[in-house]
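Here are my notes for you to read alongside the model. Have a look at it first, then work through the points.

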Amino acid sequence: MSESIDWSVLSEVEKIKYDSNYLRGTLEESLADPVTGAIADADTQLSKFHGIYQQFDRDVEKERKRQKLEPAFSFLIRVRLPGGVASSQQWLQMDKLADEHANGTLKLTTRQAFQLHGVIKSKLKPTIQGINDALMDTIAACGDVNRNVMSHANPAESELHAEVYQLAKDISAHLTPQTTAYHEIWLEKKLLADSKKDVEPIYGDRYLPRKFKMSVVIPPYNDTDVFSQDLGFIAIEEKGKLIGYNISVGGGFGSTFGIPETYPRLGDVIGFCKPDQAVEVAEKVVLVQKDNGDRANRKHARLKYTIDDNGLDWFKAELNRYLGYELEPAKPYQFTRNGDRFGWKKGTDGKWSLNLFVEGGRVKDTEQLQLKTALREVAEQVPDAQFILTGNQNLIIANTAEKSKVAAILKKYTVWPIQLSGLRQNSIACVALNTCGLAFAEAERYLPELITKLEDILDEYNLRKEEIVIRMTGCPNGCGRPYLAEIAFIGKSLGHYNLYLGGNFNGTRLNSLYRETLSEEQILDELRPIIADFAENRLEKESFGDFVIRKGYVKEIKEGKDFKH
Ligand code: SRM
Ligand code: SF4
């Protein structure tokens, strides 16, 4: 009941959600308003639940201000795609929508979703309708709900892929908001008789305190960085069969410079469940967070803080109480690496999958590389192929019997095979400028250049092939999961980055701050002697991240709470 809620102590988004009539707010009025390219302030919060962020072009921000014009508003649309799996028909539709209504590019995100950037207000409905025509949707791609559920990406790598992907889809379906607002607003369909009221059986009328993220992985691969998730499922295999999942809780990376109470944290493994219990476990973990998460301070509202504030034992007891049974003890497992493994691989069913590198996850055509055209041609000519987005912004042309046809098209456009340094193929950069309103510095548009300069140094020491995980983000929110990288850059201001070292190759260790606010020249000056030392003094097979810790360049951080920016 509204009367019993003291709104004055809650974050203002709580009231917006409550008053929104299950995510309607005044979105219809905002969309119809011809005076501005923006939507009303409160609606910018609600639109996120529909997969839409209001943004403006930061490249022209100053000039527009000088001309006394409103910012060049446009919208980001994120398509929810559990496990990252799209059909070739769905790929073709996204390719077309990018050209017709967005900026002509497709962004493959770090959570296996599609993003379209630069959609103006009047094109929002046709774009979402186009997405719906291809049997995809954008609901719950953003907002205070369970987000796109990630899963191990490459079907040719594990016979468990189908089951694990099914779990991602089942969890996603189970935790999708039930409101009919999405269909009403974007698809202009009334699904229920007017007299019937919406209900959200799991979320209630204020949804979650904050975003919530899940992934499923199959050891030895940790390709979705499972410990960065609020809730992670680690598949456990016995004699080739899936027997269940270890459960990890409390991962999350968002943090803010100057607020030490915010920090990246890795999940803790708290137990094991059987395959048929996994959806229920997901629901109950979400409910414990819904009922106990901080609704006053959005910077302290993720599950990681609920767990650190109350203790892991409290959380486990609470979860067991919600479940009505106890999780079994966790089973042994081992990760050997995160990231993607590139190239062709044949599945046990005889079908082929090709893991391609997509720099920064951006699918576009440039003078040097016609990637978008090449992939369109594959989708047109090889309709049996799936297009699977990986958790590392890359793409797998998957499950096809037509290997030679795919290979010929990609060769014609020089998309594959290509030679990549071990550094570049393990790189991730978040979007940052020009669309992200929170970016302090470039990431996607700059990391490729910086890597070229680092490759020159690596060449001097014969390390071009050395696989090193490198990640860059334009701010400390962590969208490129930089806190797990062996070398990470986090934007401080335009052209300046903090440098973090010492993550590992399995995605199981946080890195640590090494130097602050470095220019490019300073970055290269700092890294050159460490790379030289690594070339000369590494132990056999020692990775760069392990080396910098052993040699004392940085100290290992065992708990998120100890992380310093
Ligand atoms: Fe993110 C906010 C992009 C994955 C943590 N993220 C944003 C926004 C929407 C900026 C905003 O709020 O105005 C960015 C839009 C930029 C743009 O123009 O596209 C943005 N995040 C992205 C993507 C597209 C990065 C990419 O280059 O791939 C990823 C989309 C994933 C998806 O498909 O759903 C993306 N974001 C992540 C991840 C990584 C992950 O989930 O595996 C994280 C760290 C994990 C986590 O959530 O803890 C992440 N994004 C954040 C945060 C910090 C949340 C927090 O707990 O404090 C924000 C800011 C916020 O929510 O207030 C944020
Ligand atoms: Fe934007 Fe920061 Fe996320 Fe990069 S890490 S996309 S700059 S919010």
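1. Which side chain meets K372 in a salt bridge? The partner is D95, at 3.3 Å from N to O. A salt bridge here is a side-chain nitrogen of Lys or Arg within 4 Å of a carboxyl oxygen of Asp or Glu. Between domain 1 and domain 2 the count is 3 salt bridges.

2. Before going on, some ground rules: this is a predicted model, where local features need pLDDT of at least 70 and side-chain atom pairs count only at pLDDT 80 or more, while totals for chains, interfaces and linings use all residues. Residues are numbered from 1 along each chain as its sequence is written, chains are lettered from A and ligands numbered from 1 in the order in which they are written, and side-chain values use heavy atoms, with hydrogens and water left out.

3. The chain splits into domain 1 (2-323), domain 2 (343-412) and domain 3 (424-562), with bounds from an automatic or database domain assignment. The C-alpha centres of domain 1 and domain 2 are 27 Å apart. Each of these two puts 33 residues into the contact (heavy atoms within 4.5 Å).

4. About 2,600 Å² is buried between domain 1 and domain 2, with 58% from carbon and sulfur atoms. That's the accessible area (1.4 Å probe) two parts lose on being put together, summed over both. On the domain 1 side, W91, L108 and A156 supply 23% of the area buried against domain 2, more than any other three residues.

5. Now the iron atom of ligand 1: C479 (SG) is its single protein donor, 2.3 Å away. Donors are N, O and S atoms within 2.8 Å of the metal (3.2 Å for Na, K and Ca), and water is not among the atoms, so sites may look incomplete.
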